[in-house]
Amino acid sequence: MASSSLLCFGLCLLVLFNACFAQIEQVTDITREGKQQRQRQQRFQTQCNIQNLNALEPRQKVESEAGVTEFWDQNNEQLQCADVAVFRHRIQQRGLLVPAYTNTPEIFYVVQGRGIHGVVFPGCAETFQDSQQQQSFQSSKSQDQHQKVRQLREGDVIALPAGAAHWIYNNGRDQLVLVALVDVGNSQNQLDQYFRKFYLGGNPQPQLQGFSQSQGGRSQGSQGSDDRRGGNLFRGFDERLLAEAFNVNPDLIRRLQRPQIQRGIIIRVKEELRVLSPQRDREQEQEQEECEETPSYERDNGFEETICTMKLRHNIDKPSHADVYNPRAGRVTTVNRFNLPILRDLQLSAEKGNLYPNALLAPHWNLNAHSIVYVTRGNGRMQIVAENGENVFDGQIREGQLIVVPQGFAVVKRAGNRGLEWISFKTNDVAMTSQLVGRASVLRGLPLDVIQNSFQVSRDEAQRLKYNRQELTVFTPGPRSQWGLTVA
């Protein structure tokens, strides 16, 4: 009898716990859906009266001691529609991009070069430390410890949450080129819909802080001079208060607030930058690449994805990572919340395209995201069509140019004789596309009679429209290229 009572009691507890966990999971899902819905509502308020699109060049260039920062005009109607801002860093050898943070999530792509990247998360431990064996002859004050640093290389996509301070150093032999998108329409941005950069070091020029202010995007507020508005974050504090907070001499604080030499935000390191970083051989790099190829749900044990150890980087250039591959036409690779989980919180994703000479990317539209396309190499032709069937863009695109494809607008790309490569930043963590042509197209899903009657064609013509192109997403060039998309 006693054992029977205990068994009943245990079953009751099991049912109760299952019910509680189910409710907790349901509340969590509702909370997440509510957050995503609020963000979608915020984006919905953006004006997208697009009549004409253009391939955009950077609007302003700001030079620093060891590099250049270039901005696209955030007040351009394309970027206003997508609610984003875009800029590009060109960092010379031994150039250091000083620590800074933004009021919005940021995602950037390494176009060229190699480097190291550090991100500081509040409350996380300084896990990179000098070993006692190596530092036993030095005083404890000369020893260093800091948060994790990561290696950067061409093809890397890096995601950063709002307010995360980070820095970048070029330790390679070539110029390090990065193109970055900041999502000002994201729910993590609690300010207005303009991106601000908060620099912890250097002496940034006024144009680098609240870039859109200088373009008439919003009122200036006070009538102070550019000298008053320029400077790093420490400049505005009283030097005595900072000296007390740091427990240092006020003279040191003055040098911190107002560096004597105007070096900008990318400064040259006289000697090689000394940071603590594990030295990895080729075998270790291969192990890391294999780990990146493993789906996150297969390697997650509940510990890896804490805020302090979360994965921020994913290389999108490796051919073995391709989601779609045609040996005669090219490949397309995506990074989203499934292979870079932090993107789930940032509500962003990216796509890397590589078309061989004269190859064609299937006409398609974005179901749930804007697509901000940056051409990394080569050239080609691109057409974009609005909801009324009007062609809002039909022109050449080349390396270094930017164009926005609004949600739902149909687009087609054809590579030139040198091929075409691009990176697309998308305003959804699981951005989806739907093709107009090809093996996975919307026409393939329609009955022949629907195609025949919708377009008023014969059944044989409807069958050719539906089945003539057997390839998926990336199409090989063929004799039908004479229809007008050939690019020099």
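1. Contact here means heavy atoms within 4.5 Å. The model under discussion is predicted. On that basis, and leaving aside neighbours within four places in sequence, glutamate 421 is in contact with Lys352, Gly353, Asn354, Tyr374, Val375, Thr376 and Arg377. Glutamate 421 has its place in strand E23, which covers residues 410-426. Its relative accessibility is 17%, and because buried means under 20%, glutamate 421 counts as buried.

2. How many disulfides does a search of the whole structure find? The search finds one. This disulfide joins cysteine 48 to cysteine 81, with an S to S distance of 2.1 Å. The torsion about the S-S bond of cysteine 48 and cysteine 81 is about 100°, so the disulfide is right-handed. Cysteine 48 lies in the loop between helix H1 (2-44) and strand E1 (60-64), while cysteine 81 lies in helix H2 (residues 77-82); the pair therefore ties together parts that are 33 residues apart in sequence.

3. Are the two cysteines buried or exposed? Cysteine 48 has 33% relative accessibility and counts as partly exposed. Cysteine 81, at 2% relative accessibility, counts as buried.

4. Seven strands form an open sheet in the order E1-E2-E3-E12-E5-E10-E15, and the pairing is antiparallel. Strand E1 and strand E15 (313-315) are the edge strands, each pairing on one side only. On average, neighbouring strands of this sheet are turned by 20° against each other, direction ignored.

5. Within this order, E3 stands next to E12. Strand E3 (residues 85-91) pairs with strand E12 (residues 176-182) in the antiparallel sense, over seven bridges. For isoleucine 91, the bridge partner in E12 is leucine 176.

6. The next point concerns a helix pair. Two packed helices are described by the angle between their axes and the distance between the axes. Helix H10 (residues 448-455) packs against helix H11 (residues 459-467) at an angle of about 110°, and their axes are 9 Å apart. Angles of 65 to 115 degrees count as roughly perpendicular, and H10 and H11 are therefore roughly perpendicular to each other.

7. Which residues make the contact between H10 and H11? From H10 there are Leu448, Asp449, Ile451 and Gln452, and these meet Arg459, Ala462, Gln463, Leu465 and Lys466 in H11. Sorted by class, the contact of H10 with H11 has four nonpolar, two polar and three charged residues.

How values were computed: Residues numbered from 1 in each chain as written. Predicted model: local features only at pLDDT ≥ 70, side-chain atom pairs only at ≥ 80, totals over all residues. Heavy atoms only, no water. Disulfide = S-S within 2.5 Å. Helix = DSSP H or I, 4+ residues; strand = E, 2+ residues; numbered from the N terminus. Buried < 20%, exposed > 50% of the residue type's maximum accessible area, 1.4 Å probe, protein only. Pairing = 2+ DSSP bridges. Axes fitted to C-alpha atoms, helices over the stretch in contact; angles between N-to-C directions. Parallel < 35°, antiparallel > 145°, perpendicular 65-115°, else oblique. Nonpolar A, V, L, I, M, F, W, Y, C, P; charged D, E, K, R; others polar.
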